[in-house]
Amino acid sequence: MAKLLLRALVPMGPIEAARLWRSTEWQALRQACVLEVHHVVAGQGNGYGAGCHHHLRGLETLCHRCHAAITAEQQRASRKTGLADAG
């Protein structure tokens with residue numbers, strides 16, 4: 001990643017720059033730098049309740065990949081708990 005960032009600092013022509021910005025390595029770096037807000041305690045119910053998305057407690061920032069993985073794990077755990085409660 002450091003080499004990629006250093007490469008971006010070297011003066012280059014427009015064609016070379018376009019190749020760099022469109023490269024899979026650069027796209028992966030961009031994706032890793034995108035931060036999302038994650039609810040530490042997952043929301044309950046369908047969608048957001050009134051004002052749920054406006055509270056500031058229990059939030060953390062994660063990259064998209066980590067946020068997707070943690071949210072998926074929370075959903076799996078919620079389904080297991082829901083099945084245990086129903087049975």
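Axes are lines fitted to C-alpha atoms, for helices over the stretch in contact, and angles between N-to-C directions run from 0 to 180 degrees. The model is predicted, and local features need pLDDT of at least 70, whereas side-chain atom pairs count only at pLDDT 80 or more and totals for chains, interfaces and linings use all residues. Residues are numbered from 1 along each chain as its sequence is written, and side-chain values use heavy atoms, without hydrogens and water.

Q: Why is α1 called roughly perpendicular to α3?
A: Helix α1 packs against helix α3 (residues 24-33) at an angle of about 105°, with the axes 11 Å apart. Angles of 65 to 115 degrees count as roughly perpendicular, and therefore α1 is roughly perpendicular to α3.

Q: Which residues of α1 and α3 meet?
A: Leu4, Leu5 and Ala8 in α1 meet Glu25, Trp26 and Leu29 in α3; contact means heavy atoms within 4.5 Å.

Q: What makes α1 roughly antiparallel to α2?
A: The axes of α1 (residues 2-9) and α2 (residues 14-22) come within 11 Å and cross at roughly 155°. Angles over 145 degrees count as roughly antiparallel, so α1 is roughly antiparallel to α2. In this contact, Leu4, Arg7 and Ala8 of α1 face Glu16, Leu20 and Trp21 of α2.

Q: How many helices and strands does the protein have?
A: The protein has four helices and two strands, where helices are DSSP runs (H or I) of at least four residues and strands (E) of at least two, numbered from the N terminus. From the N terminus on, the order is α-α-α-β-β-α.

Conventions:
Parallel < 35°, antiparallel > 145°, perpendicular 65-115°, else oblique.
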